[in-house]
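Here are my notes on this one, written for someone new to reading structures. Have the chain open and follow along point by point.

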Amino acid sequence: MSGPTPLAARPSWRLAGRHLASLTIPRRSDYTGLARSWRGDLVAGVTVGVVALPLALGFGVASGVGPAAGLVTAIVAGFVAAVLGGSHLQVSGPTGAMTVVLIPVVARYGPEAVFALSILAGVLVVVMGLVGMGRLVSVIPWPVVEGFTLGIGVIILVQQVPLALDVERPEVENATAAAVQTLRVTDWERAAAPLAVTLGVIALMVLLARLRRSLPASLIAVAVATVVVELASLDIDRIGALPDALPSFQVPAWDSAALAAMLPSAMAIAALAALESLLSARVADGMVETVPDTDANRELVGQGLANVASGLFGGMPATGAIARTAVNVRAGARTRVASASHAVVLVLIVLLLTPVVALIPMSALAGVLIVTAIRMIDLHTGRAILRATRADAVVYLSTVVVTIVFDLIVAVQVGVAVAALLALRAMARVSGLSRQDLPPDMEAEEEDALLHEQVAVYHFRGALFFGETKRFLDEMTTVKDVRVIILVLREVRVMDASGAHALAEIITDLRRRGITVLLKGLDAQQLKMSAAVGVLDALGDDGHYFADLPAAVAHARNHVRFEVRGSAELECGTARV
């Protein structure tokens, strides 16, 4: 009778399925403390639902997909991510950052393509979670995150110019160019009323926030604007008809050629969904000490499934929303019931209040989004980064500029690349090569000065990588009247293949000049890389790598003594002849 199947022999798909299940199946621990916190969770859910309504409608309109898609996304993606995600406090839905990415997609492929794109991006995010990419967000530098956020705020701000002036958005992908073109073609006499509504909403939201921060300022401001516009019978564009029933399941039309063309956009959306969701969850974790921290990989899987579900029900891609998550925590949320119940609140609004929501002026939503964008622009943090170091300022400003001029994903890539290059430059600056005398306790009294002078000990500190390694190591080639060089690498913290290759070249060059090189101090990983690149081969076959300095010095003395005696004997023989 055969025994149990070994783990290595089990089908990989079965192991992958178990891994997926471990990251998605709800657990009892997800609701620890619910018996004590359920009232606060429900209050928080209602509060966030009220705040999320105008934002979901506004982001749906701003992306070009429509207000109904924004509402569907907040309901479907918000509920799925709340139940299956790795954060206990995260609120998900349409966001300004995702809106910025979707505008060129809608302009190029049409609104219908967004549904299929949401599913494709969701699958990619699930894969990211399964392969353990959740931890990568921790390596993104703070100036990149803040520059990314500032750039998003600026883009959302200029995106609202057509809505605030009640002008159809020009067919231009870049938000700044669209805003400039809108200002050129605006009929200012007709635009006076919608602009007044936008400014009124902004003023009312600012006033209510100063009076009492707990008030749902955006909802109150939109409600007041709707009543005023209705009573005054102003000719202003409204949201219009919305579905008065729950969204139905529908598989988007799949066009393989179009999907292949949209794959880069799907990858960008997936990267943004992962980045923004994990950043938002990290912010939420820092706001409450009594709630377990986010399981980053499970959060990615949950967000990916939420995007798949959103696309299947006619929604747009979603991410964790930092502002709504913060409202959720401040309103008293302690379990994922709060974020799940916010989706239920939006369902009730769809079922009961659709005729009222249809009357909301588009310019009122523009006011809400302008306030949201301004609150994303943290000037205090920006000044702190600019005053920190020149490198941080360069990373921050480059991320901001690239975000506004190009797009968010390119901005993060550029920001991380610039930060990495500047970090390598700083690391190279603190790296260095220094020559030291032989340790006094290792010098025998009878050793003559000539022997001592012909052994040079060099210490390399810092990083041995592709940056400026060659320049430092080239200093050794300028040494004269030396027979042996001992290169101590004990304080090398980083070594890459380029650094090891440069080391092999220097050793080869020194040996051609008749100088023997002894190495000391590499760790096991560095030694393995050195062997692979050819450093040990360059040293020769005489075992010129040592684990400790005394052994290296003893070998160097013997080598010099042998060469000195050999030279003396050769001179004597020549003299006899």
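1. Start with S339, which sits in helix α14 (residues 337–352). Helices here are DSSP runs of H or I with at least four residues, strands are runs of E with at least two, and both are numbered from the N terminus. Keep in mind that this is a predicted model, where local features need pLDDT of at least 70, side-chain atom pairs count only at pLDDT 80 or more, and totals for chains, interfaces and linings use all residues. Residues are numbered from 1 along each chain as its sequence is written, and side-chain values use heavy atoms, with hydrogens and water left out.

2. Is S339 buried or exposed? It's buried, with a relative accessible area of 1%; buried means under 20%, exposed over 50%, and partly exposed in between (1.4 Å probe, protein chains only).

3. Who's around S339? Skipping neighbours within four places in sequence, S339 is in contact with G78, A82, Q90, V91 and N328 (contact means heavy atoms within 4.5 Å). A polar atom of the S339 side chain lies 3.4 Å from the backbone oxygen of Q90.

4. Now the strands. β4 (residues 455–464) and β5 (residues 484–495) run parallel, joined by 9 bridges; strands pair if DSSP finds at least two bridges between them. A463 has V494 in β5 as its bridge partner.

5. β5 also pairs in the parallel sense with β6 (residues 516–520), over 5 bridges. There, V488 has K520 in β6 as its bridge partner.

6. Zooming out, the protein chain has 25 helices and 7 strands, and buried residues make up 50% of its 577 residues.

Terms used: Polar contact = N/O pair within 3.5 Å; in protein donor to acceptor, adjacent residues only side chain to side chain.
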